[in-house]
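Trainee: Could we go through this one together, starting wherever you like?
Mentor: Gladly, let me put it up for both of us.

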Amino acid sequence: MIEKQYKQITFTLNGKQVSTSVDVRESLADMLRREFGLTSVKKGCEVGECGACTVLINGDVFASCIFLAIWADGKDVMTVEGLVDTDGHIADIQQAFIDEAAVQCGFCTPGFIMSAERLLRTGKRYTRDELRKELSGNMCRCTGYHNIINAVEKAMNARLEAAGKQPV
Amino acid sequence: MYDINHIYEANSVEEAIQRRIEQPQALIISGGSDILIGIRAGKLAGCDLISLYMIDELRGVSLDEDGTIRIGSLTSFASVTKSPVIQKYVNVLGEAADKVGGPQIRNIGTIGGNTCNGVTSADTASTLMAYDAIIELTGAEGKRLVPIEKFYLGAKKTDIRADEIQTAVLIRPESYRGYHGYYYKYAMRSAMDIATSGCSVNVRLSEDKKRIEDARICYGVAGPIPLRTRSAEQAAYGQPVSRDTVEAFAAGALKDVNPRTSWRATKEFRIQIQGELARRCLTEAINRAGGIWA
């Protein structure tokens, strides 16, 4: 019988500092769902191919299913739950997915939202081809991607406009 | 939950070497985009791991005083692509790193892992070999430098000794100054796919841009390890920038490639692709070098 191995880790989760003891064999996706109840983090392929488990770590996109939980120590992790403001309002990118009917079964949506959020935070203007490339690590088996690209483009244009930049 | 027996974490190179000596059975994990998948598939289930992921001193790209480009082994593909040093001096390496997987994989996968796993299809490996990169290994006795061609011993086998880890990939100034290159990844999809074959070429032209002074070509998936095709290079040395030279170069490459049939593609298909890759990569490398065609 193998002796279980735990590690105490401290990290920032959706803006708050948290500390927990984690089984060293656990993925970040498992820990976020089990320990913190963050079920926006979807487990799809569990081999880093589908993007449903995408979270931001220090502002970059990562597949949390192939990221060991112990590696989150000292990092800044953000999930879809962290996008909701203090009054419970959803973010512009989430609203854009609703407005553009970019959701069908919804399983891939949180991963797409996090990949899109990373792009929106750069403040850059992306062409549709660039958006496709930047979202290429997220798979959707329902929508055919068209409405997803529309939604991201819409949120991007709104943010650029708010920042006083010319929309596409 | 991954089926891992024990994880030994290293926070410094010294600690990693110590772990290597103490736990000779343990596998090295850097980003994990191969190892964790292997564990999940059962192939590596129950293994011991030495985790290098938290060793931040092994991240980043810098330029040494003598012009050597030093890429820390834990540098992610995305960081390679974004590095101003890479963009300025060996942009083809940044372009090759940008062909790996998708954005999420490019943030976790490392250049060290991409070479240490000894895989022929690795997108950065062929370009590093076309640049005559040097692998820096650090062990109990100190550092050891190995030319990348010698670093590959066979499929999935690389020259890492029992007390060593790979600490950097180096590119010497004489390997990149005056050279221009191009990498082509041939795959079924433009993202989240492994190369059916890949080809990286770099060339140095004469001052009048009409003659090829030096050319290097390396393939992925033309053999069990990344493969330099010397017959192609010899066909290009000193030759005029012309269609005939491009054809001789491709013919030379086909003398040396030895792909196999796999579920991804047949040997015959890969040979067909590899001739064309030599043509396209040399042509584009020449164009990037400002070549004047005869």
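Predicted model: local features only at pLDDT ≥ 70, side-chain atom pairs only at ≥ 80, totals over all residues.

Trainee: How many residues does helix H13 of chain B have, and what does it reach from its first C-alpha to its last?
Mentor: Helix H13 of chain B runs over residues 267-288, which makes 22 residues, and it reaches 31 Å from the first C-alpha to the last, close to the 32 Å expected at 1.5 Å a residue.

Trainee: What follows H13(B)?
Mentor: H13(B) is followed by Gly290(B), a residue with a positive phi, near 80 degrees.

Trainee: Switching to chain A, what does the domain assignment give?
Mentor: For chain A it gives domain 1, covering 6-80, and domain 2, covering 92-162, and the centres of these two domains, taken over C-alpha atoms, are separated by 22 Å.

Trainee: How many residues does each domain of chain A put into the contact?
Mentor: Domain 1 of chain A gives 15 residues and domain 2 of chain A gives 12 residues. On the side of domain 1 that touches domain 2, the elements giving two or more residues are strand E3 (54-57) and strand E4 (60-63) of chain A, and the largest share, three residues, comes from E3(A).

Trainee: What is that side of domain 1 like by class?
Mentor: The side of domain 1 of chain A that touches domain 2 of chain A has eight nonpolar residues, five polar ones and two charged ones.

Trainee: And the contact between the chains, how many residues come from each?
Mentor: Chain A contributes 26 residues and chain B contributes 22 residues. On the side of chain A that touches chain B, the largest share comes from E4(A), with four residues, and by class that side divides into 10 nonpolar, eight polar and eight charged residues.

Trainee: Last one, Lys4(A): buried or exposed, and why?
Mentor: Lys4(A) counts as exposed because it has 8 C-beta neighbours inside 10 Å, where 12 or fewer is the cut-off for that class. Lys4(A) lies in the segment before strand E1 (6-13) of chain A, and although 21 residues separate Lys4(A) from Arg25(A) in sequence, the two are 9.2 Å apart in space, C-alpha to C-alpha.

Note on methods:
Residues numbered from 1 in each chain as written. Chains lettered and ligands numbered in written order. Domains from an automatic or database assignment. Contact = placed C-beta atoms within 7 Å. Nonpolar A, V, L, I, M, F, W, Y, C, P; charged D, E, K, R; others polar. Buried ≥ 20, exposed ≤ 12 C-beta atoms within 10 Å, placed from the backbone. Expected span 1.5 Å × (residues − 1).
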